[in-house]
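Biologist: Let us go through the charged pairs and then the nonpolar core. Please show the model before we start.

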Amino acid sequence: MTDTATHPGRTRKPKGEGHSRRAEILAAAERIFVEHGYEGATIRKIADEVGLSSTALYMHFSEKSEILHEICRETFEALQATNDEASAKAGPPEVRLRGMIETYIRFGFDNPNAYRLVYMTRPVEAREGAITAAQELGASLFGSFQSVVEEVAATGRLKGDPKAAAQAIWAAGHGVVSLMITKTYFDWVERERLARTLLDALFEGLIEP
């Protein structure tokens with residue numbers, strides 16, 4: 001039986017659009033992973049979302065975990081690019097550091113599904129001890145962030161340990177993003193104002209004027 005016979009309301013996609021089709025699959029998988037959880041998402045659900053048969057989807061990805069890892073990889077590459085751009089700007093290290101965490105927060109708000117998958121889920125592979133894309137690429141991203149904190153420390157103006165300071169700043173950024181994209185029912189103030197208030201207090205407490 002054909003796939004369209006099994007799902008008569010579905011419009012089959014034309015062939016020959018491999019790159020765009022792959023992007024469609026990843027976008028659909030983001031939504032389904034968030035809605036159903038990693039364990040609840042299936043290849044069939046993802047295929048149905050983009051109008052493909054499961055067999056056709058397997059021509060692009062060999063298994064569900066490969067789709068998740070590709071989402072993580074693309075997300076971190078995009079985030080790393082924006083992070084590098086903020087880090088490369090001229091100015092004192094504390095100014096570049098502030099720009100980097102602001103960029104991180106903005107990226108999370110602009111890409112909530114990808115952010116939740118990368119930072120806020122624990123797929124089966126992670127529980128079984130496999131090294132995920134989030135672990136591999138996230139370490140590199142945080143390392144570039146921590147290096148700028150160490151530049152601030154080298155000026156003698158950082159209060160406390162650079163590693164603790166870097167983790168505190170990242171935790172603050174992650175906290176505001178994760179809370180606002182998951183607790184949408186809360187009466188939040190405008191997100192830029194909340195982020196600015198949080199970072200103002202944090203930077204004043206960590207860095208000597």
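Biologist: How many residues apart are Glu102 and Arg98 in helix H6?

Modeller: This is a predicted model, where local features need pLDDT of at least 70 and side-chain atom pairs count only at pLDDT 80 or more, while totals for chains, interfaces and linings use all residues. Residues are numbered from 1 along each chain as its sequence is written, and side-chain values use heavy atoms, with hydrogens and water left out. Both residues sit in helix H6, about one turn of the helix from each other. Helices (H or I, at least four residues) are DSSP runs, numbered from the N terminus. The separation is four residues.

Biologist: How far apart are the closest N and O atoms of Glu102 and Arg98?

Modeller: The two form a salt bridge, meaning a side-chain nitrogen of Lys or Arg within 4 Å of a carboxyl oxygen of Asp or Glu. Their closest N and O atoms are 2.9 Å apart.

Biologist: Is Arg98 buried or exposed?

Modeller: Buried means under 20% relative accessible area, exposed over 50%, and partly exposed in between (1.4 Å probe, protein chains only). Arg98 has 17% relative accessibility, so Arg98 counts as buried.

Biologist: Which residue forms a salt bridge with Glu151?

Modeller: The closest N and O atoms of this pair are 2.4 Å apart. Glu151 is partly exposed, at 35% relative accessible area. The partner is Arg96.

Biologist: Why does the pair of Glu151 and Arg96 tie together separate parts?

Modeller: Glu151 lies in helix H9 (residues 133–154) and Arg96 in helix H6 (residues 93–110). The pair therefore ties together parts that are separated in sequence by 55 residues.

Biologist: Where does Arg191 lie, given its salt bridge with Asp110?

Modeller: Asp110 and Arg191 meet through their side chains at 3.6 Å, N to O. The pair links distant parts of the chain, 81 residues apart, with Asp110 in helix H6. Arg191 lies in helix H11 (residues 191–206).

Biologist: How many salt bridges does a search of the whole structure find?

Modeller: Side chains of opposite charge can pair when their charged atoms come close. The search of the whole structure gives ten.

Biologist: Which residues touch the most other members of the largest nonpolar core?

Modeller: A nonpolar core is a set of buried Ala, Val, Leu, Ile, Met, Phe, Trp, Tyr and Cys residues joined through side-chain atoms within 4.5 Å. The largest one has 51 residues. Those touching the most other members are Phe33, Ile67 and Ile105.

Definitions and conventions: Helices (H or I, at least four residues) and strands (E, at least two) are DSSP runs, numbered from the N terminus.
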